[in-house]
Amino acid sequence: MEAGTHMGAMRPWHWIVVLLVVLLRRFKLVGRSRRDAGRLFDDERDARALARAADAAAERGDWDAAVVERFRAIIRSLDERGLIEDYPGMTAREATALASGALKTLGEELTRAAALFDAVRYGEVVSTEEQDAWMRDLAQRVDTARIDRTGAAEAHSAGTGRRA
């Protein structure tokens, strides 16, 4: 009987406070994980290291990791070349909006690549070997794009084959 009396001693508003604290902590954690999932970079690897990670993922048939790492390599390479400026918390869509300004001829494909990156990262799409091959081809065209004197870039017509 004393155990019931002890529990009954807690006033109804105490339960409301406890419930509010639990709910607020839950929403804060969910909000943080969604916000972090949209981030483009979680580390400081350079473009070559990201491309190697994508290649390794492709070799083991992990197409999701291959697509994600290859997209990151594309954006990091643009940052390293000074075509865009990467910043903490940059999203894939923000990166491609900046990149599309520098690589006008590849803007539409970069936007598609960002959408694929987001879909894979959010678990909406399970990536395929074909999507990795497409992303690999895009990465090569971005790598061979040259900047003209006005600051716009043109995709170099030579060397659009896929890398092994």
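Analyst: Axes are lines fitted to C-alpha atoms, for helices over the stretch in contact, with angles from 0 to 180 degrees between N-to-C directions. Helices are DSSP runs (H or I, at least four residues), numbered from the N terminus. This is a predicted model, in which local features need pLDDT of at least 70 and side-chain atom pairs count only at pLDDT 80 or more, while totals for chains, interfaces and linings use all residues. Residues are numbered from 1 along each chain as its sequence is written, and side-chain values use heavy atoms, with hydrogens and water left out.

The axes of H4 and helix H7 (residues 129-143) cross at roughly 10 degrees and come within 9 Å. H4 and H7 are therefore roughly parallel to each other (angles under 35 degrees). On the H4 side, the contact (heavy atoms within 4.5 Å) includes Trp63, Arg70, Phe71 and Leu78; among the residues of H7 are Glu129, Met135, Arg136 and Val142. The residues of this contact divide into 10 nonpolar, 2 polar and 5 charged; Ala, Val, Leu, Ile, Met, Phe, Trp, Tyr, Cys and Pro count as nonpolar, Asp, Glu, Lys and Arg as charged, and the others, Gly among them, as polar.

Phe71 of H4 also takes part in the structure's 1 aromatic pair (ring centres within 6.5 Å). Because Phe71 lies in H4 (residues 63-80) and Phe117 in helix H6 (residues 107-121), the pair ties together parts 46 residues apart in sequence. Both Phe71 and Phe117 are buried (under 20% relative accessible area, 1.4 Å probe, protein chains only).

Key: Phe/Tyr/Trp six-rings, centres within 6.5 Å; stacked < 30°, edge-to-face > 60°. Helix = DSSP H or I, 4+ residues; strand = E, 2+ residues; numbered from the N terminus. Buried < 20%, exposed > 50% of the residue type's maximum accessible area, 1.4 Å probe, protein only. Parallel < 35°, antiparallel > 145°, perpendicular 65-115°, else oblique.
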